[in-house]
Amino acid sequence: MSLIVRWLINAVAIAVTVYFVPGISVGDSSANQLFGIDIKTLLAVSLIFGLINALVRPILKLLSCPLVFLTLGLFIFVINAAMLMLTSAISQDLGLQFYVEDFGTALLGSIVISLISIVLTAVVSDGDDQRERRRR
């Protein structure tokens, strides 16, 4: 799957999360808003989130493998929440306005982001699979 498509899926997932989960916000009031979300900040935050998930998350998953096994995979949600909190901290350090209130909010937000990403990835990859079959 294209990196740009993956980036846009992350952006949509974060936007839906900001819209539905209180305690998570992106940007301030500006002219570039859609449903109260600053688009430029959203795209930058989704890029940071994607980079963190590509670089840090695999290391955490490897180190916490016994906990993931003992909790039957539920610890992955804790890792995802930590990635969302890390994204918030890095975004704020870079001057972007992305806020996650607390760990409980991050946990709920990570579940919503995961669900939206799974659905959007399935929709996008179905089209890719059909094109691949036609090409053969």
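Ile14, Ile24, Val26, Leu42, Leu84 and Phe98 touch the most other members of the largest nonpolar core, which has 25 residues. A nonpolar core here is a set of buried Ala, Val, Leu, Ile, Met, Phe, Trp, Tyr and Cys residues joined through side-chain atoms within 4.5 Å; buried means under 20% relative accessible area, exposed over 50% (1.4 Å probe, protein chains only). Two or more residues of this core come from each of H1 (3–20), E1 (24–26), H2 (39–55), H5 (75–93), E4 (98–100) and H6 (103–135), with helices (H or I, at least four residues) and strands (E, at least two) taken as DSSP runs numbered from the N terminus.

All of this comes from a predicted model, where local features need pLDDT of at least 70, side-chain atom pairs count only at pLDDT 80 or more, and totals for chains, interfaces and linings use all residues. Residues are numbered from 1 along each chain as its sequence is written, and side-chain values use heavy atoms, leaving out hydrogens and water.

Leaving aside residues up to four places away in sequence, Ile14 touches Val26, Leu42, Val45, Ser46, Phe49, Phe98 and Ile113 (contact: heavy atoms within 4.5 Å).

Now for H2. Its buried residues are Thr41, Leu42, Val45, Ser46, Ile48, Phe49 and Ile52. They line one face of the helix, because seen down the axis of H2 they fall within an arc of 165 degrees, taken from the directions from the helix axis to the C-beta atoms. Turned away from that buried side are the exposed Lys40, Ala54 and Leu55.

Overall, the protein has six helices and four strands, in the order α-β-β-β-α-α-α-α-β-α along the sequence. Of its 136 residues, 32% count as buried.
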